[in-house]
Amino acid sequence: MMGTASGGANPQTEAPRKHPDSASRVYDGEAFIVLPQSHQYKILNQVGTRVWELIDGTRTVDDMANIIASEYEVSIETAHKDVSDFISDLKENGMLANSDNGKVA
Amino acid sequence: MTARTTQTGELSVEPLDQRAEYLPDLAFHASTALPAGRQTLALTVGGIGVRLSGLTSGQRATLEERYGIFCADGGAAPALTLEITNVQRDGFLKVARPSEYYRVETRWEGEVLLACSYEWAGWLDRSRGRGGLALARVTEEDPRAFDRSMENFLRIVYAHAVIPSGGFLLHSAGLVRDGRAYLFFGPSGSGKTTVTTLSPEALVLSDDLTMILRSGTGEYRACSVPFRGLFAPRPESDESWPVAGFFRLIQASEDRLEPVRGARAIGELVGSLPFVTERSEIAGDVIDTIAAAASRVPVFRLHFRKDRTFWRLIEATGGQAPILPPVDGFSTAGGN
């Protein structure tokens, strides 16, 4: 649904937060994210964009998966896996900060 | 390292090791306040005036020869003043490997942009309209080193100076046909020089770097910049032309024109912007700038063979590809 990546977040406790240096805009339902420090940018599809919008440092992976499951009519299990993989992918690309201490993940 | 002024007024810098890479901070530039000379030169590119001060007579003559029509007293009032200084250093960055592409390092100290390369180090405080360029010894002895240093710093200066007005510099070949500018962009090797060579009937704004301007009415226009490397011919015109389209070059076995919209169009263009996405606070403004341009001017991926048949595809759009709806509904999703 949103692309896959190995590894997973702790879905019950981890509340991902966007990297403080990231800049992003949503256009026609797709997010465009720039990470200046590493000269990277990323374009997200509509579901990925919705997850990106939900990332606020308070919602856990479980919270976001539940929202995605209800909005996109997919099973809870599928939504959990996809959101978890997607969060891992964002983390690996340096787009997220650590939710606990604000350090870069 | 330490810096001091000698009795003759020259700045003497005593680095711990001249062989080491050195990325100067603002304190270094503050200590290199002595100008190389007393000459000034007004440079106007895309209506943006930059006043160079502290030049020697020789440096001024070199720049006038190089930048030609872009050097015009009585042009735009300077938005920026840059002071040129000579420093007693061999250089700043070191060539890490023989095949290294010309390297420029940038970082920020508060609101001030610091940039440096092998033979120069500069700073730019856009909010105060000031900046400076410290030139290493080699630029006094080697005219090419002086040209290279000035040009690379001025590229950075103009890349940042044009953003507030809604314009941008784009790594692109800019070709004018029938009064409209076509911007062909992409990384090195994508075919910018090829499309230029294949279009002898076109007025060439540049085969590498073009300035995009936004007028008060929201129209996008393209113009030449005088920065062209050491060997390309000097632009003959500083006029601007309405932009017909942005074309991301992709070499292929057959010609195909693929419209790109939304975040993907923004992504294609942002990938060909020099320098200005290096800081998150500015990157957000840059995305907005590019999104606004992509909402008014069509963006395509141009899959093309190395012949001029691609122009037929472009002509088939009537040079008037459909204008997309204006930008609205952005949601700011970045930051904290």
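I'll start with two helices in chain A: H2, residues 61-72, and H3, residues 76-92, have axes that come within 8 Å and cross at roughly 125°. Keep in mind that this is a predicted model. An angle over 145 degrees would count as roughly antiparallel, and 65 to 115 as roughly perpendicular, so H2(A) and H3(A) are oblique to each other. Their crossing is right-handed.

Which residues in H2(A) meet H3(A)? On the H2(A) side they are Val61(A), Met64(A), Ala65(A), Asn66(A), Ile68(A) and Ala69(A). Facing them from H3(A) are Ile76(A), Ala79(A), His80(A), Val83(A), Ser84(A) and Ile87(A). By type, that contact has nine nonpolar residues, three polar and no charged.

Now the core. The largest nonpolar core has 114 residues. Those with the most contacts inside it are Val157(B), Tyr158(B), Leu183(B), Ile266(B), Ile287(B) and Ile290(B). Helix H4 of chain B, residues 143-161, gives the most to this core, with nine residues.

Take Leu183(B) as an example. Leaving out residues up to four places away in sequence, Leu183(B) touches Leu170(B), Ser172(B), Gly174(B), Thr210(B), Ala222(B), Val243(B), Phe246(B) and Phe247(B).

Last, the contact between the chains. Chain B puts in 23 residues and chain A 20 residues. On the chain B side, the elements giving two or more residues are helix H6 (262-270), helix H7 (280-296) and strand E18 (331-332). How do the residues on that side divide by type? There are eight nonpolar, 10 polar and five charged.

Note on methods: Residues are numbered from 1 along each chain as its sequence is written. Chains are lettered from A and ligands numbered from 1 in the order in which they are written. This is a predicted model: local features need pLDDT of at least 70, side-chain atom pairs count only at pLDDT 80 or more; totals for chains, interfaces and linings use all residues. Axes are lines fitted to C-alpha atoms, for helices over the stretch in contact, and angles run from 0 to 180 degrees between N-to-C directions. Helices (H or I, at least four residues) and strands (E, at least two) are DSSP runs, numbered from the N terminus. Angles under 35 degrees count as roughly parallel, over 145 as roughly antiparallel, 65 to 115 as roughly perpendicular and the rest as oblique. A crossing is left-handed if the near helix is turned anticlockwise from the far one by less than a right angle, and right-handed if clockwise. Two residues are in contact if their C-beta atoms, placed from the backbone, lie within 7 Å. Ala, Val, Leu, Ile, Met, Phe, Trp, Tyr, Cys and Pro count as nonpolar, Asp, Glu, Lys and Arg as charged, and the others, Gly among them, as polar. A nonpolar core is a set of buried Ala, Val, Leu, Ile, Met, Phe, Trp, Tyr and Cys residues joined through C-beta atoms within 7 Å. A residue is buried if 20 or more other C-beta atoms lie within 10 Å of its own, exposed if 12 or fewer, and partly exposed in between; C-beta atoms are placed from the backbone.
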